[in-house]
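Hello,

Here is the structure I said I would pass on. My notes follow it.

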Amino acid sequence: MLLRKSSFIRRWLGPVAFAASLLAAPVAHAALEVRVDEGVSEPLPIAIPDFIGINPDASRMGADVANVVRADLERSGLFRPLAPTSFIENITDINVPPRFGDWRIIQAQGLVTGQATVQPDGRLRVDFRLWDIFGEEQMIGLQYTATPENWRRIAHLVSDAIYQRITGEAGYFDTRIVFIAESGPGLDRRKRLAVMDQDGANPVFLTQGDYLVLTPRFNPTAQMIAYMSYINDRPRVYLFDLETGRQEMLGNFPNMTFSPRFSPNGNSVVMALENNGNSDIYIMDLATRTSRRLTNDPGIDTAPSFSPDGTQITFESNRGGSQQVYVMNADGSNVRRVSFGNGRAGTPVWSPRGDLIAFTKIADGAFRVGVIRPDGSGERVLSTGWQDEGPTWAPNGRVLMYTRTLQTGANGVGGGSQIWSVDVTGRNERRVLAPGDASDPAWSPLIQ
Amino acid sequence: MRKGIIVSAALHLGVIGAAMVTWPSALRLSEEAPPSVPVELITIAEATNIQAAVREPPPQPTPTPVEAVVPTIDPDMDIQLAEMTPPPPEPQPEPEPEALPEPEPEEVAQAEPEPEPPPAPTPPSPAPREKPAPEPEEEFDLDSVIALLDNRAPRAATPQSAPVAEAPRRGIGDQSAMTMNLRDAIMSQMRECWNFPAGAPNAEELFVGVTFYLAPSGELARAPQLTAETRAAMAGNAYLRAAAEAALRAVNICAPYRGLPTDQYAEWREIIVTFDPTKMAGR
Amino acid sequence: MTKVTASAKLATICAVFFLAACTSEEPVAPQASLPPATTTGPTGPNAPTSTIVPGSLQDFEQNVGDRVFFDYDGSTLDQTDRDTLGRQAEWLARYPNVVLTVEGHADERGTREYNLALGARRAASVREYLVSLGVSAARLETISYGKERPTCVESNEGCWQTNRRGVSTIRGGAAS
């Protein structure tokens with residue numbers, strides 16, 4: 001029909017052909033020029049019917065996969081999966097174009113059709129297509145094959161592909177969170193190192209809580225975790241190898257090491273080392289195990305985080321009298337302060353995009369997660385809790401997670417720690433499902 | 001209580017230490033657990049370069065009680081990925097109602113600016129679609145990663161493109177009260193339809209131009225088009241492409257456009273909208 | 001700044017563990033009610049009553065005072081703190097086998113890493129003062145717990161005050 005045809009032209013004709021078409025004689029009337037500079041910012045209505053399957057097993061997996069996709073996209077705050085009960089067309093074959101009109105009627109702006117197949121070799125294959133309801137064409141069609149246990153990862157990959165095609169930026173659903181699982185009363189808190197999928201599924205505890213662990217962070221391959229452990233009452237930075245389950249103290253420092261973070265290439269760890277009460281920032285090369293001091297100041301220097309290109313490090317320091325965010329070159333030179341708002345600022349973390357630094361802003365009796373440009377401009381507060389701190393970025397630089405500590409009332413009522421997330425725009429603040437109380441989330445990179 | 005824990009912990013450490021002395025081989029320490037070389041604690045006050053291997057901390061039971069743990073990230077998950085070509089647009093067999101190139105309502109373009117109230121507001125009737133003929137199953141090569149199939153290939157030759165011309169632009173001086181009012185009418189409707197993709201990096205730079213034609217009824221006379229400028233800028237810019245698609249959706253969703261005086265149809269038959277993100281990107 | 005010259009302590013550690021294990025463990029009444037609230041234990045070694053064994057953990061905690069309190073984001077010692085530490089130094093002089101770990105703690109109103117650094121600063125502040133009073137640095141270890149080991153969990157200034165503390169814990173050498 002006409003819509004299809006035009007979009008067809010728009011899509012499939014190259015710019016050259018199109019330019020040629022523009023040479024056609026101009027019409028008689030001038031066009032009305034309108035500038036629109038206001039709009040809404042709402043989740044995109046998208047229809048995601050259960051993926052079909054040719055037998056009950058496959059149908060069930062198809063429904064499971066679609067469920068995860070719907071949940072992923074909904075949680076992003078950028079999509080609004082429509083209720084399947086509103087669907088008019090019943091998708092029975094994903095290799096035939098859908099009846100776009102049926103989907104426009106229910107005001108879908110995107111449609112995902114998919115199919116799950118259990119292959120003779122036992123592997124699960126998932127095919128899906130994303131349709132442009134107005135342009136009436138396929139925007140992307142992909143197929144994944146993996147062992148059936150990995151069906152959730154396939155679903156996350158489908159979500160990532162849809163997210164990327166529609167928003168223009170990479171997705172973040174096929175990722176994990178390393179965090180600290182908390183349990184027990186406030187005076188005797190048990191903290192365990194744990195990982196889970198970004199949607200809270202598949203939690204696994206890596207330590208058993210017989211010693212305190214804090215501030216875990218993934219390396220760029222998501223195979224290694226750097227964290228702080230109080231094992232043997234010696235607070236030090238450790239590495240945890242997820243493939244072997246082995247833990248290893250990083251270096252042999254006489255005093256506390258803490259606040260570790262990997263460099264973008266994964267070859268070194270930057271962290272803080274305390275000496276006679278003073279904390280400075282060091283970097284340790286993981287291959288040679290040699291370390292180098294980067295700051296040398298009587299004030300507290302800690303919480304370092306590399307810029308994604310590896311050339312700079314942001315950190316917090318109270319060298320100017322109060323806790324603030326600073327940036328220096330990766331060799332420790334050219335230190336400059338970047339946070340100048342009211343109150344204090346700490347736990348800076350450089351965005352994977354490089355354009356922002358997320359941090360904890362402490363002002364007016366509240367701890368809030370905010371972002372600031374590396375030059376110190378554009379400070380924005382994103383979260384709304386009483387005590388939100390320690391942000392971590394999704395690998396696409398679009399979403400942040402952080403720890404929310406709840407206020408504890410008289411007699412210890414209330415309190416506790418939760419993981420929350422918020423979009424970099426400040427929208428879509430919501431709790432991340434974790435097994436029980438949780439803190440210190442750190443996002444993995446996209447799993448390769 | 002706390003003291004009890006400390007004492008208990010100390011006791012346990014002592015026991016572990018003793019155990020290590022007694023059965024050193026019983027505990028498998030990882031390689032990093034170095035032989036217990038008695039070395040004195042050093043201060044690192046002036047040490048700016050700390051060597052890892054040398055300093056050995058007190059002979060406490062070395063770290064590394066490796067916990068029995070299931071590694072949770074399967075590095076070899078081996079997910080195969082293949083790209084699927086779009087299915088053929090139409091079931092071919094039936095040379096049915098909506099056969100090939102849909103007769104374009106180009107006539108609309110010639111519609112007179114006359115007050116003539118359009119008889120039938122050309123609804124975007126989704127042509128009745130035949131039940132899809134049994135598809136020739138697409139061949140999926142299951143376990144191999146198929147190199148990107150060219151999406152563009154499968155389409156048939158293009159039908160004659162409706163020459164959507166970019167109209168000569170008006171001078172600013174041409175602004176009249178009438179056009180101002182028309183602009184306002186369009187703008188106020190578009191405001192509700194434009195779902196701005198906030199959050200993109202440099203979102204304030206994602207300007208998008210869309211040209212579209214309206215029927216006298218206010219319906220779209222044909223599918224909206226991105227301006228040549230936007231199309232050119234879009235190449236290789238996924239964010240701008242996303243913004244452009246959002247703009248097209250906005251124009252589509254907003255139809256039919258209301259409140260446009262039919263006697264001025266000639267003035268709003270063709271509209272060029274510039275979606276200006278500067279305000280919205282203010283985040 | 002006193003440099004750590006601790007090495008002697010290593011020798012004692014193992015023995016210390018076992019000694020410590022022998023000490024009676026009384027759950028110490030959470031004596032922290034308000035910060036500097038006069039932990040004015042009698043300065044004398046055996047002033048107090050009954051069952052408290054001189055030179056014991058209990059003696060130290062109840063009659064000497066095991067902790068000092070800090071201002072928000074601060075690590076300096078006020079006169080009350082110095083008095084407490086003065087008693088600790090005397091007591092340590094009297095019981096030369098005792099070795100201590102000084103714990104530095106923070107309230108919940110700081111970010112995690114900063115509080116670890118702040119706790120370290122507080123612990124160092126206590127240790128330095130004890131050393132200045134003649135206690136051998138070799139007998140004093142430090143550890144920071146940041147905000148991880150509160151003694152009071154309510155989210156109010158009263159609690160926060162008691163949590164901003166430096167605590168001298170006996171690692172070994174006390175009488176049982």
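Of the 448 residues in chain A, 58% are buried. The model is predicted. Chain A holds five helices and 31 strands, and its C-alpha atoms fill a box of roughly 80 × 60 × 50 Å along the principal axes. If you take the contacts in chain A between residues at least 6 apart in sequence, 45% of them join residues at least 24 apart.

In chain B I looked at strand β2, residues 208-213. Six of its six residues are buried, so β2(B) is largely enclosed by the rest of the structure. Both faces are covered: one side carries Val208(B), Val210(B) and Phe212(B), the other Gly209(B), Thr211(B) and Tyr213(B), and all are buried. Strand β4(B), residues 270-275, runs antiparallel to β2(B) and is joined to it by six bridges; in this pairing Val210(B) is opposite Val273(B). β2(B) also pairs with β3(B), residues 225-226, over two bridges and again in the antiparallel sense. There, Thr211(B) faces Gln225(B) across the pair.

In chain C I looked at Gly55(C), in the loop between α1 (8-22) and α2 (57-65). Leaving out residues up to four places away in sequence, Gly55(C) touches Tyr95(C), Ala174(C) and Ala175(C). Pro96(C) is 41 residues from Gly55(C) in sequence, with 9.9 Å between their C-alpha atoms.

Regards

Conventions
Residues numbered from 1 in each chain as written. Chains lettered and ligands numbered in written order. Predicted model: local features only at pLDDT ≥ 70, side-chain atom pairs only at ≥ 80, totals over all residues. Helix = DSSP H or I, 4+ residues; strand = E, 2+ residues; numbered from the N terminus. Buried ≥ 20, exposed ≤ 12 C-beta atoms within 10 Å, placed from the backbone. Contact = placed C-beta atoms within 7 Å. Pairing = 2+ DSSP bridges.
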